[in-house]
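Open the model in your viewer and keep the sequence panel beside it. Each stop below gives a selection, then what is there.

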Amino acid sequence: MRKLITALSVAAMAAAVAIPTFASAQEQPQYTTGYAGPVAGAAVGTAVGFGLYNGWYGSGVLVSSLPVTAAGAAAVGGVAGVGTIALIDSVAQPCRGFHALFGANSGACVNGDYVGYAPRRMR
């Protein structure tokens, strides 16, 4: 089982490094998070899955309802990793996520794209 968890964590880290390579060659905006989201997601997912399998989180009501098998711990770790990536993305993007939810940058976004530093059109 330990070899399976190690193999899953290595595969998740390899995927996190390889995913940006497969992206299309479109011009990327300046506000991308780069490797921060996938690397943090892989680290958090691995820590949650490994800790759940080894019983690091105690025996509370929430922890006792989660699976403790290797496959179940890997699945819960994967969900935690994807959630971490989504959280980092929602904080870092200026026109989506929390910024759009709370109305920050409302005058600097057009159709979900940030245009705050673009030159203004003269009339």
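A residue counts as exposed when its relative accessible area is over 50%, and as buried when that area is under 20%. Values in between make it partly exposed. Keep those cut-offs at hand for the stops that follow. The model is predicted.

**Stop 1: the whole chain**

Colour by secondary structure. The protein chain has five helices and two strands. Along the sequence they run α-α-α-α-α-β-β. Now show the surface. The accessible surface of the protein chain comes to about 8,800 Å². Carbon and sulfur atoms account for 66% of that area. Of the 123 residues, 17% count as buried. As for contacts, take those between residues at least 6 apart in sequence: 43% of them join residues at least 24 apart.

**Stop 2: the start of the chain**

Select M1. M1 sits in the segment before α1 (2-18). Is M1 buried or exposed? Its relative accessibility is 58%, so M1 counts as exposed. M1 and A70 are 69 residues apart along the chain, yet their C-alpha atoms are separated by 6.3 Å. Setting aside neighbours within four places in sequence, M1 is in contact with Y53 and A70.

**Stop 3: helix α2**

Select residues 36-54. This is helix α2, with 19 residues. From first C-alpha to last, α2 reaches 27 Å, close to the 27 Å expected at 1.5 Å a residue. Colour its buried residues: G37, G41, A42, G45, G49, G51 and L52. G55 follows α2, and its phi is positive, near 75 degrees.

**Stop 4: helix α4**

Select residues 70-92 for α4. What span should its 23 residues have? At 1.5 Å a residue, α4 should span 33 Å; its end C-alpha atoms are 33 Å apart, which agrees. The buried residues of α4 are A70, G72, A73, G77, G81, T84 and S90. A70 was also the contact of M1 at the second stop.

Zoom in on T84, in helix α4. T84 has 16% relative accessibility, so it counts as buried. Which residues does T84 touch? Not counting residues up to four places away in sequence, T84 touches A40, G41 and V44. G41 is one of the buried residues of α2.

**Stop 5: the aromatic pairs**

Show the aromatic side chains. How many aromatic pairs does the structure hold? There are two. Start with F50 and W56. Their ring centres are 5.2 Å apart and their planes are at 80 degrees, so this pair is edge-to-face. The angle cut-off for that label is over 60 degrees. F50 is partly exposed, at 32% relative accessible area. W56 has 54% relative accessibility and therefore counts as exposed.

Now move to F98 and F102. Their ring centres lie 6.4 Å apart, with planes at 10 degrees, so this pair is stacked. Stacked planes are under 30 degrees apart. Both residues lie in helix α5, four residues apart, about one turn of the helix. F98 has a relative accessible area of 36% and is partly exposed. F102, at 66% relative accessibility, counts as exposed.

**Stop 6**

**Stop 6**

Finish by selecting D113. It is found in strand β2, residues 113-114. D113 has a relative accessible area of 44%, so it is partly exposed. D113 and C95 are 18 residues apart in sequence and 6.2 Å apart in space, C-alpha to C-alpha. Not counting residues up to four places away in sequence, D113 touches C95 and A108.

How values were computed
Residues numbered from 1 in each chain as written. Predicted model: local features only at pLDDT ≥ 70, side-chain atom pairs only at ≥ 80, totals over all residues. Heavy atoms only, no water. Buried < 20%, exposed > 50% of the residue type's maximum accessible area, 1.4 Å probe, protein only. Contact = heavy atoms within 4.5 Å. Expected span 1.5 Å × (residues − 1). Phe/Tyr/Trp six-rings, centres within 6.5 Å; stacked < 30°, edge-to-face > 60°. Areas by Shrake-Rupley, 256 points an atom, 1.4 Å probe, with all protein chains shown as cover.
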